[in-house]
Amino acid sequence: MTVLLIAGSPTAPSRSSALLEAVGQRLEGRGARIDRIAVRELPAQPLLHADWNHPAVQRVIAQVAEAQVVVVATPVYKAAYSGVLKVLLDLLAQDALKGKTVLPLATGGSPHHMLALDYALRPVLQSLAARQILPGVYATDAQVTLTPEGAYQVHPDLARRLDDAAEALATEGLKLPPRRGFDPVPFSQVRCSF
């Protein structure tokens with residue numbers, strides 16, 4: 001059970017990468033093996049020149065081929081996904097996502113860009129022959145905030161949506177049995193009892 005997390009942000013740390021890691025942690029908790037690609041860390045020249053013989057490009061193509069599930073995260077700029085993600089997706093074969101379940105994630109400054117998932121990113125993922133594209137998760141800057149330590153924190157309402165998305169990936173993409181019941185609650189958090 002291999003899950004490939006693709007970080008399409010040109011910066012690090014980033015809000016979209018925080019969403020990506022949150023989903024990755026949830027899937028690791030279900031026993032999935034997580035593999036990662038940070039597009040910003042790949043050598044620019046082979047990407048921009050579509051040098052399929054470059055070892056980094058061949059490694060990325062192999063990672064995509066090996067994955068059972070792919071999670072793609074991007075910031076939204078001018079109502080579209082990031083340019084670095086576009087460069088990577090352009091390198092992939094027309095059927096690179098064939099048989100795979102894909103979860104798109106995106107972050108943006110306001111709710112006005114949430115449709116970028118459906119109108120910009122989803123058609124590209126479909127053109128790469130994804131078997132199933134799950135409903136995406138979009139978050140605004142206010143839902144993924146920077147802590148004083150310099151890390152991004154996902155707010156509780158968004159965390160619940162990520163829980164649902166990760167569960168859908170686990171059951172539909174990885175064919176794991178659904179979780180039953182509730183997560184354990186520490187006694188210190190119990191507010192009343194009978």
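Me: Which residues lie nearest the centre of the second largest pocket, and how many line it?
Reply: In this predicted model, the second largest pocket has a lining of 15 residues, and Ala7, Ser17, Glu21, Ala38 and Glu41 lie nearest its centre.

Me: How do the lining residues divide into nonpolar, polar and charged?
Reply: The lining of the second largest pocket holds 7 nonpolar, 4 polar and 4 charged residues. The space in this pocket comes to about 180 Å³.

Me: Switching to the backbone, where is the cis peptide bond?
Reply: The cis peptide bond joins Ala12 and Pro13, with omega at about -5°. Pro13 belongs to the loop between strand 1 and helix 1.

Me: Which residue has a positive phi of about 65°?
Reply: That residue is Ala79, although it is not a glycine. Ala79 sits in the loop between strand 3 (69-77) and strand 4 (80-81).

Me: And what about Lys175, what is its phi?
Reply: Lys175 has a positive phi of about 60°, and it is not a glycine either. Its place is in the segment after helix 6 (156-173).

Me: Why does Lys175 count as exposed?
Reply: Lys175 is exposed because its relative accessible area is 58%, and exposed means over 50%. Ala79 counts as partly exposed, at 43% relative accessibility.

Me: New topic: which residues make the nonpolar surface patch?
Reply: Met114, Leu115 and Tyr119 make this patch of about 360 Å². Met114 is in the loop between strand 5 (101-108) and helix 5 (116-127), and at 43% relative accessibility Met114 counts as partly exposed.

Definitions and conventions:
Residues numbered from 1 in each chain as written. Predicted model: local features only at pLDDT ≥ 70, side-chain atom pairs only at ≥ 80, totals over all residues. Heavy atoms only, no water. Patch = residues over 30% accessible without salt bridge, like charges linked within 9 Å, V, L, I, M, F, W, Y side chains within 5 Å. Areas by Shrake-Rupley, 256 points an atom, 1.4 Å probe, with all protein chains shown as cover. Salt bridge = Lys/Arg side-chain N within 4 Å of Asp/Glu carboxyl O. Helix = DSSP H or I, 4+ residues; strand = E, 2+ residues; numbered from the N terminus. Buried < 20%, exposed > 50% of the residue type's maximum accessible area, 1.4 Å probe, protein only. 1 Å grid on protein atoms, 1.4 Å probe; cavity = no way out; pocket = protein on both sides within 12 Å on 5 of 7 lines; lining within 4 Å. Points joined across faces, edges and corners; volume = space filled by probe spheres on them. Nonpolar A, V, L, I, M, F, W, Y, C, P; charged D, E, K, R; others polar.
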